[in-house]
Amino acid sequence: MMAHYRAPESKREQFRRYLEKAGVLDSLTNVLVALYEETEKPNNALDFIKHQLGVAGPEEDDSESLRLELNNLQKKYEQLVAENKELRNRLLQYEPAQEEGTE
């Protein structure tokens, strides 16, 4: 009888098993099936895949509105800090100076 010689696993096979064990192959298969089953194919398949995997960044419109909101909030913050400083200075004018040692 001839002994069966088993060649060492190729790197490709090791990598495939790694992807399978990590659940990557299942996730990609599910996303590709979802894309296949779409009745109206998206214009950008890569964006569809990113969205399905949950890695899509914010939409461009969302990004712009968030930038505007951040800018407005920063201005409002600066105004409030200035107002707070002014009010503190006014308050100090009306409070009697506290002498050391008196409480």
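Me: Why are α2 and α3 called oblique to each other?
Reply: In this predicted model, α2 (residues 24-37) and α3 (residues 45-53) pack at an angle of about 125°. Angles under 35 degrees count as roughly parallel, over 145 as roughly antiparallel, 65 to 115 as roughly perpendicular and the rest as oblique. The pair is therefore oblique. Their axes, lines fitted to C-alpha atoms over the stretch in contact, are 10 Å apart.

Me: What is the hand of the crossing of α2 and α3?
Reply: Right-handed. That word applies if the near helix is turned clockwise from the far one by less than a right angle.

Me: Which residues of α2 and α3 meet?
Reply: Contact means heavy atoms within 4.5 Å. From α2 come Ser27, Leu28, Val31, Leu32, Ala34 and Leu35. From α3 come Ala45, Phe48, Ile49, Gln52 and Leu53. They divide into nine nonpolar, two polar and no charged.

Me: Why is Leu53 called partly exposed?
Reply: Its relative accessible area is 39%. Buried means under 20%, exposed over 50%, and partly exposed in between, with a 1.4 Å probe. Leu53 therefore counts as partly exposed.

Me: What does Leu53 touch beyond its neighbours within four places in sequence?
Reply: Ser27, Leu28 and Val31. Leu28 is 25 residues away along the chain, and the two C-alpha atoms are separated by 8.4 Å.

Me: How many helices and strands does the protein chain have?
Reply: Four helices and zero strands. A helix is a DSSP run (H or I) of at least four residues, a strand (E) of at least two. Of the 103 residues, 6% count as buried.

Me: What does UniProt say about residues 63-90?
Reply: An unreviewed entry annotates them as "coiled-coil region". In the model, this span is 100% helix, and its end C-alpha atoms lie 40 Å apart.

Me: How are residues numbered, and which pLDDT do local features need?
Reply: Numbering starts from 1 along each chain. Local features need pLDDT of at least 70, and side-chain atom pairs count only at 80 or more.

Terms used. Side-chain values use heavy atoms; hydrogens and water are left out. Axes are lines fitted to C-alpha atoms, for helices over the stretch in contact, and angles run from 0 to 180 degrees between N-to-C directions. Ala, Val, Leu, Ile, Met, Phe, Trp, Tyr, Cys and Pro count as nonpolar, Asp, Glu, Lys and Arg as charged, and the others, Gly among them, as polar. UniProt positions are given in the numbering used here, feature names are shortened, and annotations may be inferred rather than shown by experiment.
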